[in-house]
Amino acid sequence: MLIEQLSDDRIQFTTELDGWRAAIETVSRPLLDDGSITRSYIDAMIESIAAGGTYIDLGFGIALAHARPEKGVVRTGLSALWVDPAVLLNDEEAHPITLFFCLAATDTESHLSTMSELARLLSDDRARAVLLSARTTADVRAALMTGVTQ
């Protein structure tokens with residue numbers, strides 16, 4: 001499912017980013033552009049993080065931005081953004097992030113399914129290393145396939 005959800009147009013890389021808010025705006029842009037989410041979903045994610053939502057930090061420099069479906073999810077989607085240098089989530093030194101995911105899920109089932117698949121991928125040391133070192137969409141595809149074949 002990750003391979004299907006994380007299409008090439010939802011994979012981004014940047015070296016020019018002005019903070020975590022810009023990272024959330026950027027990672028969610030493909031989902032906004034294709035109609036998977038509304039602007040209110042982005043605003044809800046930013047508000048949640050600003051209110052202390054560093055719980056989206058999954059460790060290893062990876063964050064999973066998301067909000068409640070009723071905040072603006074139109075259809076389930078996933079996007080990703082690699083940043084270099086790292087961005088401090090909520091401007092906190094304890095939370096440097098180099099890979100942001102944005103998850104939009106219409107219901108609990110799709111949310112849990114995507115989360116479960118992402119957790120399997122990220123808990124595999126080899127797949128996670130390949131994913132974190134990705135610099136092209138082809139690298140991301142290879143990382144996703146590494147996770148599938150494990």
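Biologist: In this model, is Phe 13 buried, partly exposed or exposed?

Modeller: The model is a predicted one. Phe 13 has a relative accessible area of 31%, so the residue counts as partly exposed, a class that lies between under 20% for buried and over 50% for exposed.

Biologist: How many aromatic pairs does the structure hold, and how is such a pair read?

Modeller: A pair of aromatic rings is described by the distance of the centres and the angle of the planes. Here there is one aromatic pair. Phe 13 and Trp 82 are stacked, with 5.0 Å centre to centre and 25° between the planes. The two residues are 69 apart in the chain, Phe 13 in strand E1 and Trp 82 in strand E4. Trp 82 is buried, at a relative accessible area of 3%.

Biologist: In which sense do E1 and E4 pair?

Modeller: Strands of a sheet pair through backbone hydrogen bonds, either parallel or antiparallel. E1 and E4, the latter spanning residues 77-88, pair in the parallel sense over four bridges. Gln 12 stands opposite Leu 81 in E4.

Biologist: What is the strand order of the sheet?

Modeller: The open sheet has five strands in the order E1-E4-E5-E3-E2, with mixed pairing. E1 (11-14) and E2 (57-59) are the edge strands; each has a single partner, so one side of each lacks a neighbour in the sheet. On average, neighbouring strands are turned by 20° against each other, direction ignored.

Biologist: Which strands does helix H4 lie across?

Modeller: H4 (residues 108-123) lies across E2, E3, E4 and E5, running at about 150° to E5. Helix H5 (residues 125-132) also packs on the sheet, touching E3, E4 and E5, and its direction makes about 100° with that of E5.

Terms used:
Residues are numbered from 1 along each chain as its sequence is written. This is a predicted model: local features need pLDDT of at least 70, side-chain atom pairs count only at pLDDT 80 or more; totals for chains, interfaces and linings use all residues. Side-chain values use heavy atoms; hydrogens and water are left out. Two strands pair if DSSP finds at least two bridges between them. Axes are lines fitted to C-alpha atoms, for helices over the stretch in contact, and angles run from 0 to 180 degrees between N-to-C directions. Contact means heavy atoms within 4.5 Å. Rings of Phe, Tyr and Trp (its six-membered ring) pair if their centres lie within 6.5 Å; planes under 30 degrees apart count as stacked, over 60 as edge-to-face and the rest as tilted. Buried means under 20% relative accessible area, exposed over 50%, partly exposed in between (1.4 Å probe, protein chains only).
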